[in-house]
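Here's a quick briefing on a pocket and the ligand that goes with it. Have the model open as you read.

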Amino acid sequence: MAAFFHLHLLLSALSLVTAQQLSANFYDKSCPGLPSLATSVVSSAVAKEPRMAASLLRLHFHDCFVNGCDASLLLDDTSSITSEKNALPNRRSVRGFEVIDDIKSKVEQQCKGVVSCADIVSLAAREAVVLSGGPTWTVVYGRRDSTSASMDTANQDLPSFFDNATRLVARFKAKGLSARDMVALSGGHTIGHAQCVFFRDRLYNFSGSGSSDPILQQHYVTELKQQCPSATHDRSISAFDPTTPAGFDNIYFKLLQVNKGLFRSDQVLYSTPGDTQDAVNAYSSSKAAFFKDFADAMVKMGNLSPLTGSKGQIRANCRLVNS
Ligand code: HEM
Ligand SMILES: *[C@@H]1O[C@H](CO)[C@@H](O)[C@H](O)[C@H]1NC(C)=O
Ligand SMILES: *[C@@H]1O[C@H](CO)[C@@H](O)[C@H](O)[C@H]1NC(C)=O
């Protein structure tokens, strides 16, 4: 009897653990076609527009940092939802929603009501990095979708392009990610583009000085001024890594070492002595070290407080809470 009781306790403890843990084989029986569907949708989207890979990677980051990886970012404004899409770090900036919708609608045709939008976002980010020539990792599944969004939390928790290194480290630490994780993940800026509005002050009036950010390499200032001549060009885009804007490599870190970081928040990783500078130097000299740490940090980020078990829901439409 006592043995039975203990076995029972053990089993319920085990089921508690499995209910809360994501797993690689979560959809093996219920939706085996998921990975190949995602691969084909993401690769045709990236073939049409190479920047889309970067946009999908950023989408996962901005979902996970706001109350965990729960697809809260995908919800549109309604009478009861204040969309995170209008938070300052996202507004007129975060993109890729149509690609997620496309994967979701194809997945619904194969396995209706089974696959969460949050898992699709996580898988799409991995596909995007691999397609760009970056590292791969095992995506774990079992996240469920939120029934609410938080624009306020998005404004508070997402990093800003004028954050200093201390602030960036603190923001990631608050999510259980180390300084090294933060620098590795910032290496996501090896692909993609940014709008002039986010770095114009560094070219023309840094901290109200009337001139450019003294840390910026001078030829780079001249180049950027051509791409971003004035406030009327606020929506023009520049690559974070102009040499290989669609290639996932460690050139981003080499650029930081020569003071060609596009944002202040990129450059401070190198200009601030300590953990962040050490990590930049390590990743600049070893692409393998960067790839390994980036993959590990993506897995950690993908595990940020997911809704599991019977929490949340599997949305039918990623933009709307089920009625
Ligand atoms: C560390 C603090 C970070 C800050 C302050 C920051 C900020 C930004 C900003 C302002 C943009 C430009 C968006 C636009 O112009 O519309 C951007 C783009 C991007 N970010 Fe970050 N980011 C950070 C970290 C990350 C992380 C951790 C990732 C992913 C692992 C990431 C991935 C990207 C990508 C791929 C783009 C290009 C998006 C595109 O071309 O559509 N960023 N980031
Ligand atoms: C970093 O920024 C925060 C505010 O975001 C500020 O309180 C702090 O003093 C800054 N630290 C350094 C070393 O500049
Ligand atoms: C630069 O910024 C300062 C402070 O924000 C402002 O007072 C000044 O007018 C700006 N100068 C130019 C040339 O825009």
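Predicted model: local features only at pLDDT ≥ 70, side-chain atom pairs only at ≥ 80, totals over all residues.

The space taken by ligand 1 is the largest pocket, which has a volume of about 1000 Å³.

**The pocket**
- Among the 41 lining residues, R58, F61, H62, H189 and F263 are the closest to the pocket's centre.
- Two or more lining residues come from each of α3 (52-64), α7 (165-173), α8 (179-186), β1 (193-195), α12 (264-271) and α14 (287-302).
- α3 gives the most to this lining, with six residues.
- Sorted by class, the lining has 22 nonpolar, twelve polar and seven charged residues.
- Domain 1 (25-158) and domain 2 (165-299) both contribute to the lining, so the largest pocket lies between them.

**The shell around ligand 1**
- Of the 26 residues around ligand 1, the ones that come nearest are R51, S55, S93, H189 and Q195.
- At least two shell residues come from each of α3, α7, α8 and β1, and α3 has the largest share with five.
- By class, you'll find 13 nonpolar, ten polar and three charged residues in the shell.
- Domain 1 (25-158) and domain 2 (165-299) each supply at least three residues of the shell.

**Polar contacts**
- R51 has a polar side-chain atom 2.7 Å from an oxygen atom of ligand 1.
- For S55, a side-chain N or O atom sits 2.7 Å from a ligand 1 oxygen atom.
- S93 places a polar side-chain atom 2.8 Å from an oxygen atom of ligand 1.

Definitions and conventions. Residues numbered from 1 in each chain as written. Chains lettered and ligands numbered in written order. Heavy atoms only, no water. 1 Å grid on protein atoms, 1.4 Å probe; cavity = no way out; pocket = protein on both sides within 12 Å on 5 of 7 lines; lining within 4 Å. Points joined across faces, edges and corners; volume = space filled by probe spheres on them. Helix = DSSP H or I, 4+ residues; strand = E, 2+ residues; numbered from the N terminus. Nonpolar A, V, L, I, M, F, W, Y, C, P; charged D, E, K, R; others polar. Domains from an automatic or database assignment. Near = heavy atom within 4 Å. Polar contact = N/O pair within 3.5 Å; in protein donor to acceptor, adjacent residues only side chain to side chain. Sits in = over half its atoms within 2 Å of the grid points.
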